[in-house]
Amino acid sequence: MQDDLTLIMDDAADSMQKAIGHLELELTKIRAGKANPQILDGITVDYYGAPTPLAQVANVNVADARTLTVQPWERNMLQPIERAIIASNIGINPQNDGQIIRLFLPPLTEERRKEFVKRAGNEGEQAKIAIRNIRRDGIEGIKKLQKDGLSEDTAKDAEADIQELTNKFIDLVDKHCVQKEKEIMTV
């Protein structure tokens, strides 16, 4: 019985950590005014009929504070990469010179910054929802154990532990969102 309880707690903690990891990944994709190769992470390119991540068909580098360069490994991949970047709707128009693709990041307007802050907030809210769902699943598991003979005091303590874990991870989500907001709003 105690082993099952430990398993539920460990599983909840692990799942909540994964939710934080996903949030961090999504926040890196939100542009904060500086050139960052990670904003291209979600882009897939049609590589001979197979959707392939951009990083697997080209080198992505930071040329300066506002410029990214994409150097394809095969010259005939310039057009598909350019089309994929345009289709990804990240708000950057690629400049193709026949050898390399340059992405010039325009300075963010106040309106665009607020849009990105709102998007970061939405990502944070999604992470909180995921964490609360994990808490709900954990508490349901504890209640099933209680029906199978777990003492009421132990069940209440375990539920309190899951709530404490939930609060810790939700605070972590808030910290990530505040940090990203600060990063976006810094001119």
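Modeller: This is a predicted model. I begin with two helices: Asp4, Leu5, Ile8, Ala12, Ser15, Met16, Ala19, Ile20, Leu23, Glu26 and Leu27 in H1 meet Ala120, Glu123, Gly124, Ala127, Ala130, Ile131, Ile134, Arg135, Gly138, Gly141, Ile142 and Leu145 in H3.

Biologist: What makes these residues of H1 and H3 count as meeting?

Modeller: Contact requires heavy atoms within 4.5 Å, and the residues listed from H1 and H3 meet in that sense.

Biologist: Why are H1 and H3 called roughly antiparallel?

Modeller: Their axes come within 10 Å and cross at roughly 170°. An angle over 145 degrees counts as roughly antiparallel, and H1 and H3 are therefore described in that way.

Biologist: How do you know how the length of H3 compares with the span expected at 1.5 Å a residue?

Modeller: H3 has 38 residues and reaches 56 Å from its first C-alpha to its last, close to the expected 56 Å. For H1, with 27 residues, the reach is 39 Å, close to the 39 Å expected. Just after H3, Gly149 takes a positive phi of about 120°.

Biologist: Which residues of H1 are buried, and what covers them?

Modeller: The buried residues of H1 are Leu5, Ile8, Met9, Ala12, Met16, Ala19, Ile20, Leu23, Glu26 and Leu27. Each is called buried because its relative accessible area is under 20%. Their cover includes H3 and H4.

Biologist: What makes a group of residues a nonpolar core?

Modeller: The members must be buried, of the nonpolar types, and joined through side-chain atoms within 4.5 Å. The largest such core here has 31 residues, and those with the most contacts inside it are Ile131, Ile142, Ile162, Val173 and Ile184. Helices H1 (2-28), H3 (110-147) and H4 (152-185) each supply at least two residues of this core. A second, separate core of 19 residues includes Ala58, Met77, Leu78 and Ala84.

Biologist: How do you know that E1 and E2 pair?

Modeller: Pairing requires at least two bridges; four bridges join E1 to E2, which run antiparallel, so the two strands qualify as a pair. The strands form a hairpin with two residues between them.

Biologist: Why is Tyr48 called exposed?

Modeller: The relative accessible area of Tyr48 is 58%, and exposed means over 50%, so Tyr48 is classed as exposed. Tyr48 lies in the loop between strand E1 (44-47) and strand E2 (50-53). Although Tyr48 is not a glycine, its phi is positive, at about 50°.

Note on methods
Residues numbered from 1 in each chain as written. Predicted model: local features only at pLDDT ≥ 70, side-chain atom pairs only at ≥ 80, totals over all residues. Heavy atoms only, no water. Buried < 20%, exposed > 50% of the residue type's maximum accessible area, 1.4 Å probe, protein only. Expected span 1.5 Å × (residues − 1). Axes fitted to C-alpha atoms, helices over the stretch in contact; angles between N-to-C directions. Parallel < 35°, antiparallel > 145°, perpendicular 65-115°, else oblique.
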